[in-house]
Each structure stands twice: as C-alpha cells, then as structure tokens.
Amino acid sequence: MLRELLSRIQGSFRRRRLEQEFDDEVRSHLEMLKERFIARGMDPAEAFYAARRQFGGVTQVKQDFRERRSVPVFYVLLEDVRQAFSRLRKAKRFTAAAALTLALGIGAGAAVFAVLDTVVLRPLPYPEPGRLMAFRSVDQRGTPHHLSYPDFFDFRKHNRVFEHLVCYRDAAFTLTDSLPPIQVAGAIVSWDLFPMLGVQPALGRGFLPEEENPGTHTVLLSHRLWKSRFGGDPGILGRAVRINGVPFTVIGVGPPGFQFPAEAAAVELWVTLSEDATARDQRGARMLDAIGRLKPGVSARQAQSEMDQLAGALARQYPGNKNVARTLVLPELRRLAGSSLKPLLVLAGAVAMLLLIACVNTANLLLARNAERAREFALRTALGASRLAIVRQMLTEGLALGLLGAGGGVLLSFGALKAVLPLAGDSVPRLSDTSIDARVLAFSIALAVLTSVLFSFAPAVQAARADPAGALKEGARTIARGHDRFRSGLVVVQITLGLVLLVAAELLAAGFLHLVHRDLGFRAGELLTFDVGLAEPNVTRQIAFCDRMLEHLRAIPGVQAAATGTPLPLEGHQMRAAFDIEQRPAAAPDRPRCDTAIVTPGYFRAMGIPLLKGRDFSERDDAQAAPILVVNQAFARKYFPGEDVIGKRIRPGLGPTPAMREIVGVVGDAKQAALGADPDPIYYYPYKQLPWFLGTVVLRTVVPPLAVESAARAAVASLDRHVAIHGIRTGKERSAAAIAQMQFVTTLMGGFAIIALLLAGAGLYGVLSYAVARRRGEIGVRIALGAAHKEVLGLVFRQAMSLVAAGLVLGLAGAAAASRVLGTMIYGIRPGDPLILAGACCMLVITGIAAAYVPAARAASVDPMQALRSE
Amino acid sequence: MAIAKELCYPSPLGMTKDRSEVLQGTLDLMVLKTLDALGPLHGYGVARRIEQLSEETLRLNEGTVYASLLRLLQKGWIRSEWGASENNRRAKFYSITRAGRKHLARETESWERISGVIGRVLRLGSQH
C-alpha cells in the first residue's frame with residue numbers, strides 16, 4: 001500500500017514523460033495488432049479498425065492509466081485548482097474584488113494571530129517551560145504582593161514542591177571599569193537562577209549557594225555585554241570588573257540570546273542577592289518577584305496548596321505580616337501575558353467578526369457571479385456533469401480565491417504589523433518579537449481553507465440546484481427572487497456585524513481619548529526626566545552630590561527648575577507604606593496604607609503639581625529639622641475628611657526610627673497609577689529626611705526638553721566622570737507610554753471597523769447594482785409611464801435603507817452585548833453611551849447612502865426605449 | 001464471459017475500488033503467471049499469450065492488460081524496461097520480480113484451494 005502510494009506520488013510529478021511513454025507503448029501495440037491482421041489477409045484500413053476494436057477504447061485506457069498512476073485526490077485537486085485559477089484569471093474584476101476582500105480579512109486575522117502567538121502562546125525559551133511557575137504572596141483580599149527577603153527565605157527553605165525557587169528584582173548598574181561609564185539593566189537574583197531555568201552558561205559557571213553571602217561580589221555577564229564591552233575575551237573569567245564602584249568577580253557568561261526576566265528590556269548582568277544585604281532581614285520590604293521550577297509530576301494546584309500551608313504558618317508566626325495570607329502559583333507564561341491577555345482576546349474576537357464579514361462579502365460576490373454563470377452550470381448539468389462535480393468546482397474556485405486572499409493577507413499583515421507594533425511601546429511583554437513566521441503562514445493557509453468552505457458553501461449549493469431546462473431557455477430570468485432575498489440577507493448580516501465592530505471601536509476610541517485628555521495632575525510638556533547611576537552608599541556624600549548636581553542643572557540655560565523624586569507619577573504603586581494617624585491609633589492589621597514618594601525641595605514646581613495649601617519642602621528640612629510630610633488632596637480627603645490637614649501628624653513605618661511627622665503642605669493629585677480612575681492618596685517625604693537613594697531627576701524647561709539633554713549630561717559628568725545618566729525621557733513620552741497599550745488596541749480596532757464599514761458598503765453596492773440591472777425593464781416601464789427622476793432614485797435608496805435598517809436593528813442587541821463584554825475586558829470603557837450607538841448608526845447610514853448612490857444614478861438614467869427593446 | 005468494461009469510475013475521493021475486483025484480480029494473476037512462465041514480454045505479447053491460452057473463451061479488450069500491468073508494477077511484483085521488439089520496434093518489456101514470484105505462489109495455492117472447494121460444492125448440488 002505504501003509502495004503503491006509512493007509510486008503514485010512519483011507518478012504525479014513525472015506526469016508528462018510517463019504519459020508520453022504510455023502513448024508510445026499503446027501505439028506500438030496497435031501497430032503490432034494491425035500487422036497481425038494484415039498478415040491474416042485484411043486490407044490495411046480494415047486492419048486498423050480491427051486493431052482498435054480488439055484493443056478497446058484507447059482514450060479510456062489512457063484516462064484510466066492517468067488516474068491510476070497518480071494519487072487520485074491529489075491529481076483531481078491539482079487539476080481542479082489549476083482550472084479554477086484559469087477561470088479566475090478570466091474574471092479579473094471579480095477575482096480582484098474577492099481576493100482583496102479576503103486579503104483584508106485574512107491579513108487582519110494573521111496579524112492578530114502573530115501577536116497572540118508571540119505574546120500568549122509561544123512557550124518560554126527554556127527547557128520544559130511548562131514547569132516554570134510564577135510565585136507571589138496574596139493578602140486576605142486576594143491581592144497579590146511581592147515578597148520580602150525573609151518571606152522568600154522561609155518559602156524557599158520549607159517548600160517541597162519546587163526543584164528551585166528563585167527570587168529576582170530589576171536593578172540598574174553602572175559599569176565604571178573604564179570610561180565613559182555605562183549604565184546597564186541587571187537583575188538581582190538568588191543563586192540558582194540558571195539551574196532553575198535549566199540553562200547552562202556559555203562560559204564559566206552559574207552562582208554557588210555561598211555566593212549569596214553578604215560581602216561576596218560575583219557577576220554573570222550577558223553574552224551581548226561580554227561581546228560589546230569585553231570584546232568576547234574568554235579570559236574574562238575570574239577577572240574583577242568595577243560595577244557601581246565595587247570590584248565584582250566575573251564567574252560566567254550567559255548563552256547567546258539568553259534573557260531573564262523575559263519581559264525586561266536587555267538585561268545585561270546578573271548578581272546575587274548578596275547585593276541586597278540591607279534588605280535581607282526586613283520582612284516588610286516587599287520588592288521581590290519569584291519564579292520556580294516544579295518538581296516533575298507536581299501540578300500547579302498541588303504546589304499552590306502546599307505553599308498556602310507554608311503561608312498560613314508564616315502568618316501565624318508573624319501576625320503583622322498580613323500580605324502573606326495565601327499564595328499564588330501560576331504558570332509563568334500566563335503571568336507574562338498578564339494584563340495584555342484580555343485586550344488581545346478582544347482583538348481576536350473583533351478579527352473573527354471581520355473575517356466573517358469578509359466571508360459574507362465574498363459569498364455575495366460569488367452569488368452575483370453565479371447569476372451570470374447560470375447558463376454555464378445549466379449547460380454542464382445538461383451535458384451530464386453531476387451535482388457533486390459542480391459543487392466541487394465551486395469549492396475549488398473558493399479555495400483558489402482563499403489562497404489568493406491568504407497570499408495578499410500575509411503581505412498586508414506584514415505591513416500592518418510594521419505600522420502598528422511600535423504604538424504599543426514596551427507595554428506588552430515580548431510583543432516586539434512578533435514576526436510573520438512559519439506558524440503565521442500555516443495559520444493563514446488554514447484560515448484560507450476554512451473561509452473558502454464558509455463562503456463558497458451557499459454559492460455551491462445554489463449552483464448545484466440550478467435547473468438546466470429553465471436556465472437554458474432564451475432570455476429566462478434564471479435566478480429566482482429567493483436568491484435576491486438570500487443575498488440581501490447576507491448584506492444585513494454584514495451591517496449587523498459592522499455595527500458591532502463600529503460600536504466597539506468607538507467605545508475604545510472614546511476611552512482612549514478620555515485617557516489622552518484626562519488631567520494627569522502634573523504638566524507633562526516641557527519636562528525632561530532621567531536617572532543618575534550614582535552608587536554612593538555614604539548618605540552624606542550622596543546628599544552632597546544631589547545638592548551640587550541640582551545646582552549645576554538649574555544653571556543650564558533653558559532649565560527653570562530641577563529636582564529629584566521617586567517614584568514619579570504614572571510609575572504605579574511602587575512604594576506603599578502603612579502609617580498611624582496620631583488622633584486615631586489603629587491595631588497593626590488595620591493600619592491605613594497608601595502610596596508614598598521621596599522628593600527634593602522644588603519637586604512640585606518642577607513637575608507642575610500645584611501647591612494648594614501650606615508650604616513646600618525647603619533646603620532646611622533635613623535630618624536635624626522637625627520630621628515633616630506633604631500630602632496630596634486625595635490623602636487629605638480620605639484620611640482627614642472635613643478637617644484641616646495642615647498640622648496633623650501621622651507616623652509612617654519607613655526608615656530606621658519611624659517618627660510622628662507633621663503635615664506641612666497639601667498639593668494637587670497627580671496620577672500615580674497609569675490607568676487609575678480615582679486619584680490615589682499619597683504622602684511625600686523630604687529627600688534629606690529619608691535619603692534612601694537618589695531619585696529620578698526632573699527638569700522643568702522653557703525650551704523643548706530634549707534641547708537641554710546634552711547640557712544635562714555634561715553637568716552630571718562634570719561632577720563625577722564615573723556617573724552615567726540613563727533612561728532619558730520627556731514628560732510627554734512618559735504620559736504616552738502609560739496609554740500605549742490602549743493606543744495599540746484602539747488603532748487596530750479602528751482599522752478593523754473601517755475595513756468592516758468598507759466591506760459592508762461594498763456588499764450593499766453589489767446587491768443594489770445587481771437589483772438595478774435586473775429591474776432595468778421594470779424601471780424603463782416606470783420612466784416611460786412618467787415616473788420622475790426623484791422617484792426612481794427613491795426606489796433604490798429605499799431598498800438600501802431598508803437593508804441598513806434591518807442590519808441596525810439586529811445589530812443593536814449585539815452591540816450592547818459587545819460593549820458590556822468590552823467594559824469588563826478593557827479599562828476605561830464606559831458602555832451604554834447613547835451617543836456612541838447613534839454615531840455608529842449614522843456612519844452605517846452614510847455608508848449605505850454612499851453605496852446606493854451609483855446604482856441609484858444608474859437606475860435614474862435608464863433609457864426607457866433601450867430598456868424595453870432589450871426585453 | 002467477457003471482461004468488457006471495468007466498472008470502475010474514479011471516485012473523487014480515495015483510491016479506486018472496483019466492483020469487478022475479483023475479475024481484476026484474476027486478470028492480474030494470469031498476467032503474472034504469463035510473465036513467470038515466458039520471461040520478459042511486452043504488453044502485446046502478454047495479450048497474445050492470454051488469448052492463446054484461453055482459447056477464445058476469454059475475450060478481453062487488450063487495453064485492460066495495461067491497467068493490470070500498471071497495478072502489478074505499482075505493487076512491485078513486476079518491473080519494466082525499454083527494449084526492442086522482434087521486428088525492432090521500441091517496446092516496454094515487463095518481467096516478474098522476486099516479490100512477484102512469492103505472491104504468485106501464494107495466490108496459486110489459494111486459488112487452487114478455493115476452486116477445489118467451489119468445485120466440490122457444485123458437484124454436491126448436482127448429485128441430487
């Protein structure tokens with residue numbers, strides 16, 4: 001059987017030669033037979049026919065041979081597809097319209113699949129990625145939290161479900177081994193990162209457990225950094241490299257392309273948690289992510305229940321530690337996709353609808369073409385073609401169209417991704433890896449096959465049903481009214497789906513515009529921000545550096561104000577701390593808790609956050625001065641409603657000796673979370689009273705912010721050549737990054753809606769044009785009987801509007817449902833806005849009028865004499 | 001008996017499955033036996049031999065011989081090569097392979113057994 005199949009497949013490819021050979025064989029057989037008959041006394045002509053009789057039907061034998069020799073399905077399909085393409089070539093306009101329609105649908109599908117595949121489906125680039133789990137602690141309310149070192153150590157020590165449990169956090173490092181210093185992204189990890197991931201260093205070794213001890217400084221370099229900074233020198237192992245001013249021993253180099261954490265931008269080095277020596281016994285300092293590799297055979301659920309038990313024990317041991325009530329063990333891949341999953345699913349749903357619209361449009365085009373081809377089908381049926389053969393022909397034509405569409409679609413998706421991906425910035429992990437690869441191609445072809453079955457089904461059935469006798473009658477109206485109704489129904493479906501997509505796109509656009517125009521609480525224009533890679537453990541020297549640096553920066557022409565602060569607005573809830581209110585002491589678990597930030601004097605002026613009451617910090621508010629705070633309006637409203645907050649005292653639990661601090665000022669609410677609805681309460685520390693680290697520098701300029709960049713670099717370098725500045729961003733860039741994901745989704749959805757609108761218009765146009773062509777005679781009679789130009793126009797427009805209206809009525813329910821779903825999936829969507837619905841309906845009505853215009857004009861210009869003569 | 005027309009129309013899906021499968025099998029067996037007995041032959045020669053042996057009881061369209069030869073080729077029971085016929089015409093010569101001989105032996109045995117059984121059964125009926 002296999003052998004036969006192989007020989008058949010081989011036969012399919014050497015068709016022409018084999019056929020030639022067989023012809024020769026048959027011819028010589030016939031010759032020999034003829035000679036034999038001649039030898040028996042027949043005359044040559046008689047012998048020729050006798051030979052043919054004895055041989056049997058030559059053509060049948062050849063046909064039989066042809067079919068037996070190749071794979072029948074393969075052969076038949078190949079032949080059918082070849083024929084289908086040649087028929088499509090003859091109908092250029094139809095083919096172009098249908099292929100373009102499909103290309104739009106399949107292209108959108110391919111683009112969304114490419115993104116979904118890269119961000120959600122593609123496994124992590126480590127061995128057995130299914131066993132990698134993200135690990136978090138969870139408080140009583142179910143909110144996940146980062147871990148602190150003591151918590152992590154306890155979990156690591158007692159767990160029996162993870163082969164390795166590794167903690168990590170991002171950190172920036174300055175390489176000061178040579179000039180100019182460079183700032184690189186790095187990660188602080190526990191020792192077994194490489195064994196946990198199942199990755200071998202390209203050079204050297206991974207960390208050892210004892211290298212977590214404070215005082216040891218070892219580093220693993222990325223392959224990229226090793227090549228670029230150290231020339232790929234294998235002698236790097238064991239050498240000391242100055243990082244943050246401290247010599248680190250290089251113990252290894254990661255494999256090429258190795259990246260961890262997967263979502264971070266270009267991590268260049270890894271050091272152990274020995275660098276976090278000060279935090280290792282602070283149970284409240286929650287700043288760690290964790291990831292573990294499950295032991296073989298352990299499920300995520302088993303791991304979760306085991307870790308929950310450990311958390312319960314920890315909670316009993318440390319009652320104040322209320323963020324470790326339970327745990328969360330979820331596949332690392334899911335964590336990575338995280339918040340981008342829902343928007344992507346929304347896009348996938350939208351693209352499915354778009355594809356359906358494209359299918360309906362193509363079906364409509366095919367039906368119109370069938371009407372023209374009714375005679376061809378009838379003739380074929382009359383000549384004995386089976387229904388099946390006609391259905392097969394239609395399906396292969398559909399497949400050929402689908403493949404054309406897929407080809408065009410892949411090209412379109414290529415361009416679309418190029419245009420759209422940059423909009424998302426780095427708001428979606430791994431998104432930038434998206435490309436049109438073999439998986440996307442395979443998906444596109446699968447889409448082509450699926451859609452071709454979808455859109456050619458109805459036309460195929462209709463063609464097969466054609467009644468040969470009726471169709472062949474001279475001038476007969478071959479396609480019944482029912483067929484028109486079916487096509488009109490398809491247009492209604494298009495308008496219905498189009499309305500749903502339009503409403504979704506409008507909702508997203510409204511949500512996006514709201515985000516763009518919302519009040520951020522600070523002035524993003526004329527703002528330049530950057531980080532300074534100063535590794536200065538000595539607090540006094542750090543404060544002195546900060547003072548001198550800000551002085552230099554303020555001296556730059558064009559700079560109005562300079563300050564530092566951390567975290568900045570829109571950076572999210574990076575620092576949260578609980579506090580006691582002097583008037584209303586509360587038990588430990590119920591202490592209020594909110595965002596906090598550390599800022600220098602002049603920060604509010606530089607950021608453009610208005611001072612509403614009291615005073616700003618001044619240079620005199622240092623460690624010797626009275627402990628004070630500034631709070632924002634939301635803080636005052638939430639914790640001191642109806643009271644004057646100035647002069648009130650609270651005690652936040654930060655710093656070595658938490659003290660009661662007096663609130664001396666109230667500032668405006670700047671958005672802390674990128675996408676939060678309500679303003680978040682926050683209290684600000686004066687930097688000199690909590691000099692943990694040098695904050696992000698913010699410069700308020702009177703010139704375009706990037707114009708002062710080089711002067712700022714020079715100013716910092718003039719203080720210390722070993723200090724690098726990095727992460728330069730304008731305020732506008734920061735506010736744009738916060739809504740990049742929304743912009744990405746909105747742009748794609750808008751594109752889909754526009755395509756849907758165009759396709760719905762095209763579908764309507766097709767049906768109306770056909771109807772006008774078919775009713776030419778009737779319209780001619782009407783005009784001959786005195787119907788006015790306007791009435792004829794009205795005839796067509798009425799038909800158009802009745803279809804649009806039917807579509808809108810059906811679409812309203814779908815649109816309502818879709819907007820509700822959208823509201824739950826994407827932040828900032830406010831479903832139920834009647835204006836949005838009305839807007840979408842208006843757009844469809846306008847599309848309807850535009851689509852009806854040409855057919856209506858054509859109808860009105862029918863010449864009654866001509867129309868009636870051709871009847 | 002006439003193997004007039006093979007009742008096989010290629011169904012659009014899958015390999016051909018013929019109603020005259022039994023007859024086909026018989027023809028294949030005869031062709032195979034012919035090649036086994038007479039050595040390499042071209043299609044014309046096979047047709048002559050079968051005609052001669054069946055003594056006009058089996059009239060067949062000689063074209064069907066080629067269908068049979070192709071089937072046997074595809075199964076690997078015979079092979080073919082180009083050569084010159086008696087009167088120097090280019091012709092394709094078919095010869096039996098080892099696998100073909102094995103198959104022939106197997107089929108011959110089963111054919112004899114079955115025809116023996118059928119013969120006995122038929123004789124049984126005629127006694128009453």
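The model is predicted.

Chain A was assigned four stretches of domain structure, listed here in turn. Domain 1 covers residues 2–70. The C-alpha centres of domain 1 of chain A and domain 3 of chain A are 77 Å apart.

Two helix pairs of chain A were examined. The crossing of α6(A) and α12(A) is left-handed. The contact between α6(A) and α12(A) contains 20 nonpolar residues, five polar and one charged.

The second pair joins α13(A), residues 387–420, to α14(A), residues 438–465. Here the axes are 7 Å apart and the angle is about 145 degrees. The crossing of α13(A) and α14(A) is right-handed. Its contact residues divide into 19 nonpolar, eight polar and two charged.

Strand pairing in chain A was followed through β4(A), residues 182–189. On one hand, β4(A) pairs with β3(A), residues 162–175, in the antiparallel sense. Eight bridges connect β3(A) and β4(A). On the other hand, β4(A) runs parallel to β9(A), residues 267–272, and five bridges join them. Ile188(A) of β4(A) takes part in both pairings: Arg169(A) stands opposite Ile188(A), and Val271(A) in β9(A) is the bridge partner of Ile188(A).

The peptide bond between Phe260(A) and Pro261(A) is cis, with omega about -5 degrees. Pro261(A) is placed in the loop between β8(A), residues 246–253, and β9(A). A cis peptide bond also links Thr566(A) to Pro567(A), with omega near -10 degrees. The loop that holds Pro567(A) runs between β13(A), residues 559–566, and β14(A), residues 576–581. Glu128(A) is not a glycine, yet has a positive phi of about 40 degrees. Glu128(A) sits in the loop between α6(A) and β1(A), the latter covering residues 132–138.

In chain B, helix packing was examined for α2(B), residues 43–54, and α3(B), residues 63–75. The axes of α2(B) and α3(B) are 10 Å apart, and the angle between them is about 115 degrees. Angles of 65 to 115 degrees count as roughly perpendicular, and α2(B) and α3(B) are therefore roughly perpendicular to each other. The crossing of α2(B) and α3(B) is right-handed. On the α2(B) side, the contact involves Gly43(B), Val46(B) and Ala47(B). These meet Val65(B), Tyr66(B) and Leu69(B) in α3(B). Five of the contact residues are nonpolar, one is polar and none is charged.

Chain B also contains an open sheet of three strands, in the order β2-β5-β4, with antiparallel pairing. The edges are β2(B), residues 41–42, and β4(B), residues 78–84. Each edge strand has a single partner, so one side of each is left without a neighbour in the sheet. Seven bridges pair β4(B) with β5(B), residues 90–96, in the antiparallel sense. Within this pairing, Ile96(B) of β5(B) is the bridge partner of Ile78(B).

Conventions: Residues are numbered from 1 along each chain as its sequence is written. Chains are lettered from A and ligands numbered from 1 in the order in which they are written. This is a predicted model: local features need pLDDT of at least 70, side-chain atom pairs count only at pLDDT 80 or more; totals for chains, interfaces and linings use all residues. Domain bounds come from an automatic or database domain assignment. Axes are lines fitted to C-alpha atoms, for helices over the stretch in contact, and angles run from 0 to 180 degrees between N-to-C directions. Helices (H or I, at least four residues) and strands (E, at least two) are DSSP runs, numbered from the N terminus. Angles under 35 degrees count as roughly parallel, over 145 as roughly antiparallel, 65 to 115 as roughly perpendicular and the rest as oblique. A crossing is left-handed if the near helix is turned anticlockwise from the far one by less than a right angle, and right-handed if clockwise. Two residues are in contact if their C-beta atoms, placed from the backbone, lie within 7 Å. Ala, Val, Leu, Ile, Met, Phe, Trp, Tyr, Cys and Pro count as nonpolar, Asp, Glu, Lys and Arg as charged, and the others, Gly among them, as polar. Two strands pair if DSSP finds at least two bridges between them.
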